Amino acid sequence: MRLLVHNIGCLATPLAGGAFLQRTGAWLAAEDGKITALGAGLPPEAQGAAVVDAGGQLVTPGLVDAHTHLIFGGWRQHELTLKRQGVPYLEILARGGGILSTVEMTRKAGLEELVAKGAGALKQMLALGVTTCEAKSGYGLDRATELKQLAAIARLKAVQPVELAATFLGAHALPPEYRENRAGYVDFLTQEMIPLVAREGLAEFCDVFCETGVFTAAEAEKILRTGLRHGLGAKIHTDEIDAIGGTELAGALPAVSAEHLIAATDRGIDALAKGGTVAVLLPATSFYLGKPYARARDMIAAGVPVAVATDYNPGSCPSLNLQLAMQLACWQYRLTPAETLTAVTRNAAAALGRGDRIGTLEPGMQADLVIWKAPDLDYLFYRFGENLAGTVIKRGRVVQEN
Ligand code: IZC
Ligand code: ZN
């Protein structure tokens, strides 16, 4: 299966070595799902390849959404008024709402229902140019429901084109059954769930919500080290609201990524740089919760690879629109268009352990790309509020035409 994309007005891509390439009048060839050659000027003979005319438009790598809570029952629109009345996110959780109300709805949902809802979301993401997506569990907090969420992710890998990376987030909140027994829940995760999830190959990563009133840095360390021993890469939700040591832990482990980081301190940023940990920033969550924006410029200055993702979930970011997150990153974090594109391609792929295969347009990399309804990269950050993705290609095949 061969593919030739020609008449590319502007090809924009980060490169593996850290540079950023923008080339006009380009073409790209792929075979068996991988990029074989790129060039400028006259394209090579098509020789039986499928030919796609990019129409003089922008082409970038397919977008990677490195942080989503894709699988959940119900929604939480009822929290909107509470939030408007000033009840904080953690207070809603402490009252048994928030994550725990989604847990209740996810426990009640059938597998087929979760698969159908996830498929609907992925269809929308693909139409927005997303070709790879992380998906976390964490709305079961019991054996059967965590496995049901991971089964839904496994099923979705087989039935639609967006590539999925599964993350086990059993440590998303303390379930009501363990309210008086924190240590018992951590034991359940480390002794029963993590070994089971790893043995069955149900997840690539293990994640913990390290936050005031949720899990401490010491608990997160125990859980993530257990995951690492079982072959699960470490991720951590940290400094979303308070800095309680999770970011320092992420750098020390090291974790593949630390996510949120709104309240990150200089020490935390330093630790991420030392550990080579990717900072996954979630600007649509800052927007939706009315919180400050993470210190992306300081992180880049410190040498931390910065990724940007949606955080799609029913509580703190009920939007799956990665283009919106990119635009917020550009305006609120003051990232340049090139830095922002790097954050949703190369760095996001690195946050999913796929940096050697996905996220740049270079020979040998997977042929995941988007032909945009945009003449150049700046335009993506200029025309906000509508879907600018045109044709989406995954592993060398056209999978979406808007
Ligand atoms: O359902 O509120 N921050 N987890 C940690 C979330 C947000 C998702 C939720
Ligand atoms: Zn999250």
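Select helix 2 (residues 89–94): with 3 residues, this helix gives the most to the lining of the largest pocket. Helices here are DSSP runs of H or I with at least four residues, strands are runs of E with at least two, and both are numbered from the N terminus. The model is predicted, so local features need pLDDT of at least 70 and side-chain atom pairs count only at pLDDT 80 or more, while totals for chains, interfaces and linings use all residues. Residues are numbered from 1 along each chain as its sequence is written, chains are lettered from A and ligands numbered from 1 in the order in which they are written, and side-chain values use heavy atoms, with hydrogens and water left out.

**The largest pocket**

A pocket is an open set of points on a 1 Å grid over the protein atoms alone, with protein on both sides within 12 Å along at least five of seven lines; a cavity is a set where a 1.4 Å probe fits but cannot get out; lining residues have an atom within 4 Å of a point. The space in this pocket is about 230 Å³, a volume being the space filled by probe spheres set on points joined across faces, edges and corners. Its lining divides into 9 nonpolar, 3 polar and 1 charged residues. Ala, Val, Leu, Ile, Met, Phe, Trp, Tyr, Cys and Pro count as nonpolar, Asp, Glu, Lys and Arg as charged, and the others, Gly among them, as polar.

**The zinc site**

Next, select ligand 2, the zinc ion, with its donors H67 (NE2), H69 (NE2), H237 (NE2) and D311 (OD), at 2.0 to 2.7 Å. Donors are N, O and S atoms within 2.8 Å of the metal (3.2 Å for Na, K and Ca); water is not among the atoms, so sites may look incomplete. The donor residues follow the spacing H-x1-H-x167-H-x73-D. H67 lies in the loop between strand 6 (63–65) and helix 1 (79–84), and D311 in the loop between strand 13 (306–308) and helix 12 (322–332), so the pair ties together parts that are 244 residues apart in sequence. H67 is buried at 0% relative accessibility, and D311 is buried at 1%. Buried means under 20% relative accessible area, exposed over 50%, and partly exposed in between (1.4 Å probe, protein chains only).

**Cavities**

For the second largest cavity, of about 40 Å³, select P61, G62, R357, I358, G359, T360, Q366 and D368.

**Salt bridges**

R357 and D368 also belong to a network of salt bridges with E163, E204, R354, K394 and R395. A salt bridge puts a side-chain nitrogen of Lys or Arg within 4 Å of a carboxyl oxygen of Asp or Glu. The whole structure has 27 salt bridges.

Select K136 and E259, whose closest N and O atoms are 3.2 Å apart in a salt bridge. K136 lies in strand 7 (residues 130–136) and E259 in strand 11 (residues 257–260), so this pair ties together parts that are 123 residues apart in sequence. Both K136 and E259 are buried.

Finish at R297 and E339, a salt bridge with closest N and O atoms 2.7 Å apart. R297 is partly exposed at 35% relative accessibility, and E339 is partly exposed at 24%.
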